[in-house]
Amino acid sequence: MRRVREWCVIVTSVVSVGGTTAANAQQFIPIPQPAGAVYSYYAADVNDAGVVVGHYYDEEGRVHSTLVQNGVHQSIDVPGAWGTQALGINNLGQVVGSFVIDPAENSTPFIYANGTHTPLALPGPLAVPFDINDHGIVVGTAWDPSFAFTSAFVYGPGGTQLLRYPGALFTTLESINNRGDALGGAGDAFTGTAIRYSNGTLSIPDPLPGGAGCSVNGLSDSGDFVGGCNDAGGLGTSGYLFTGGESHRLTYAGDPSTFFHKISASGSIVGSSNSGAFLVLRSKLVDPVPDLLGGDGLTEDFDDLASMGRPVQGV
């Protein structure tokens with residue numbers, strides 16, 4: 001019996017992160033809370049048009065999912081479902097996630113496109129899709145029939161591939177780019193490592209991005225990736241961007257609970273903190289990220305998306 005809060009099997013992949021660079025808070029665009037949300041909105045993914053997908057809990061503990069465009073939330077809940085959890089979006093506006101009709105039962109994976117939810121025939125009794133690229137390739141994690149371990153899966157027009165890292169109890173792929181490369185994690189309750197999927201096989205990335213206690217969560221087409229790191233003493237977390245061979249720590253308005261969830265194909269980032277969910281547009285980032293320690297004001301908002309003249313996809 002698995003309730004909705006246990007849908008996502010996320011393996012923390014311990015890797016190294018070197019540089020510690022703070023970013024000016026004005027690079028971050030706050031994502032407003034949806035009506036009825038009890039906890040902070042979880043911004044799960046973003047596409048190149050700046051359309052965000054995510055989910056939140058209401059007072060009854062139900063999970064609801066939305067698309068966010070120009071700061072406006074649009075519900076994409078599965079009709080009649082007790083809970084809907086959206087986790088990934090591509091540049092075609094296709095969304096993947098899971099839903100439950102009865103909270104006492106296992107969840108069902110789905111793809112959402114053009115206003116319609118379609119169940120995905122993924123392997124195992126419980127499979128969670130985390131991401132989808134522009135070619136319709138979906139990655140995630142799936143329990144084996146005995147619920148003894150999980151395997152990563154790659155699902156697409158050519159069929160489904162299950163992959164288990166040697167000796168790992170948990171293997172997952174959390175992000176896939178348009179080149180077909182994916183990143184995730186593997187390990188057990190005590191240890192873990194980042195893993196990379198390429199050309200049909202799993203491996204440990206070489207080199208790993210520098211320090212300990214970090215997870216790898218999102219991968220762009222250029223090979224940049226994002227995640228979160230435990231700070232010294234375990235007193236908080238900071239997001240990081242790995243780009244140009246260097247890791248850069250970034251925090252949202254100085255919040256010590258910053259975590260990056262995904263990065264789009266072209267490099268826009270979404271994440272969360274105790275201060276709320278946020279979006280970082282690629283145009284607001286300098287590559288490499290400079291060491292900007294000042295500036296705790298939020299000077300950007302979602303009106304920027306409308307004024308940039310970008311075509312908006314996904315809604």
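I started at S175 and found a polar atom of its side chain 2.9 Å from the backbone nitrogen of L219. I count a polar contact as a pair of N or O atoms within 3.5 Å; within protein, one must be able to donate a hydrogen and the other to accept it, and residues adjacent in sequence count only if both atoms are side-chain atoms.

Before going on, a note on what I am looking at: this is a predicted model, where local features need pLDDT of at least 70 and side-chain atom pairs count only at pLDDT 80 or more, while totals for chains, interfaces and linings use all residues. Residues are numbered from 1 along each chain as its sequence is written, and side-chain values use heavy atoms, with hydrogens and water left out.

**Entry 1: around S175**

I placed S175 in strand β14, residues 170-176. My strands (E, at least two residues) and helices (H or I, at least four) are DSSP runs, numbered from the N terminus. Buried or exposed? S175 counts as buried, at 1% relative accessibility. My cut-offs are under 20% relative accessible area for buried, over 50% for exposed and partly exposed in between, with a 1.4 Å probe and protein chains only.

I also found the side chain of S175 in a polar contact of 3.4 Å with the side chain of D131. Then I listed contacts (heavy atoms within 4.5 Å). Leaving aside neighbours within four places in sequence, S175 touches residues including D131, D181, L219 and K262.

**Entry 2: salt bridges**

How many salt bridges does a search of the whole structure find? I get 4. The criterion is a side-chain nitrogen of Lys or Arg within 4 Å of a carboxyl oxygen of Asp or Glu.

I next looked at D181, which is buried at 10%. R196 is partly exposed, at 25% relative accessibility.

**Entry 3: strand β3**

Strand β2 (residues 42-46) pairs with β3 in the antiparallel sense over 4 bridges, and D45 stands opposite V53. I call two strands paired if DSSP finds at least two bridges between them.

Why is β3 largely enclosed by the rest of the structure? Because 6 of the 6 residues of this strand (residues 52-57) are buried. In a regular strand the side chains alternate between the two faces of the sheet. Here V52, G54 and Y56 point one way, V53, H55 and Y57 the other way, and all are buried.

On its other pairing, β3 runs antiparallel to strand β4 (residues 63-69), with 6 bridges joining them. Y57 has V63 as its bridge partner in β4.

I checked both turns. The hairpin of β2 and β3 has 5 residues between the strands, and G50 takes a positive phi near 85° there. The hairpin of β3 and β4 also has 5 residues between its strands, with G61 in the turn at a positive phi of about 85°.

A49 sits in the loop between β2 and β3 and is buried, at 8% relative accessible area. I noted A49 and N91 as 7.3 Å apart, C-alpha to C-alpha, though 42 residues apart in sequence.

**Entry 4: the chain overall**

The protein chain comes to 1 helix and 24 strands. Of its 315 residues, 54% are buried. Of the contacts with a separation of 6 or more, 49% are between residues 24 or more positions apart.
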